[in-house]
Amino acid sequence: LFGRLAEVASEHLEKGSKLQVGGRIQTRKWQDQDGNDRYTTEVVATSMKFLPKSGGSVNRVTLTGNLGADPEIRHIQAGDPVATFSLATTEVWRKPDGSKQEHTEWHRIVAFKRMAEVCGELLEKGTRVYIEGRIQTRKWQDQDGEDHWATEIVVRDMKKLTPKSADRAVPPSMDASIPLPEPPLGDDVPF
């Protein structure tokens, strides 16, 4: 939180407060005392609304961007497909001197089951796509026992925004917007 939002938060936020926060996702990188690269993913808030303390919570992300590479399809031990790909979102603004400033953020996207298959069939590097999903952070240990974390967007809904290319035929029965529930990502996923 910055500026007036930070002031309001410091005056009114308390443990247990429920908020609706709008903003952009960004990942920051820094080095710890041992020189190891560390990362944190955060939401830079542009709006904040206090909600009643009763009721559930919402974890929803919407992104529109371009694929950085073709989706990678893998299968978990149960045989279900999992698609992963990177998505670039670019924010453009003007500095006070009028010069154009630009920042690109890369997001790790994960899709399961039928949605994974659809992503593999319809998407390719450079495709412009709308993604709706939820933020998920996973922790795992590598072979040396070192902890690692990954923050990713788990797809609930996807819409291809780039027109179909003539060289990549898509069966007419394939709808690019297929909201499906996704299973939790278990320990048997090889990434």
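Mentor: Let's start with a rule: a salt bridge is a side-chain nitrogen of Lys or Arg within 4 Å of a carboxyl oxygen of Asp or Glu. This is a predicted model, where local features need pLDDT of at least 70, side-chain atom pairs count only at pLDDT 80 or more, and totals for chains, interfaces and linings use all residues. Residues are numbered from 1 along each chain as its sequence is written, and side-chain values use heavy atoms, with hydrogens and water left out.

Trainee: How many salt bridges does that rule give?

Mentor: The count comes to nine. One of them joins E152 and R108, at 2.9 Å from N to O. That pair links distant parts of the chain, 44 residues apart: E152 sits in strand 8 (residues 147-160) and R108 in strand 6 (residues 100-112). Strands here (E, at least two residues) and helices (H or I, at least four) are DSSP runs, numbered from the N terminus.

Trainee: Is E152 buried or exposed?

Mentor: Relative accessible area decides that: buried means under 20%, exposed over 50%, and partly exposed in between (1.4 Å probe, protein chains only). E152 is buried, because its value is 0%, while R108 is partly exposed at 29%. R138 joins in too, as R108, R138 and E152 are linked in a network of salt bridges.

Trainee: Which residue does D37 meet in a salt bridge?

Mentor: K29, with N to O at 3.5 Å. K29 counts as exposed because its relative accessibility is 53%, and D37 is partly exposed at 33%.

Trainee: Which residues form the nonpolar patch on the surface?

Mentor: First, the idea: patches take residues with over 30% relative accessible area and no salt bridge, joining like charges within 9 Å and nonpolar side chains (Val, Leu, Ile, Met, Phe, Trp, Tyr) within 5 Å. Here you get L13, L19, V21, V43 and F50, with about 360 Å² of accessible area together; areas come from the Shrake-Rupley method with a 1.4 Å probe, and for residues only the protein chains shown count as cover. Strand 1 (18-31) and strand 2 (37-51) each supply at least two of the patch residues. L13 is found in the loop between helix 1 (3-12) and strand 1.

Trainee: And how do I read strand pairing?

Mentor: Two strands pair if DSSP finds at least two bridges between them. Strand 3 (residues 61-67) pairs with strand 7 (residues 128-141) in the antiparallel sense over six bridges, and T62 has E132 as its bridge partner there. Two bridges also join strand 3 to strand 5 (residues 81-94), again antiparallel, with N66 opposite A88.
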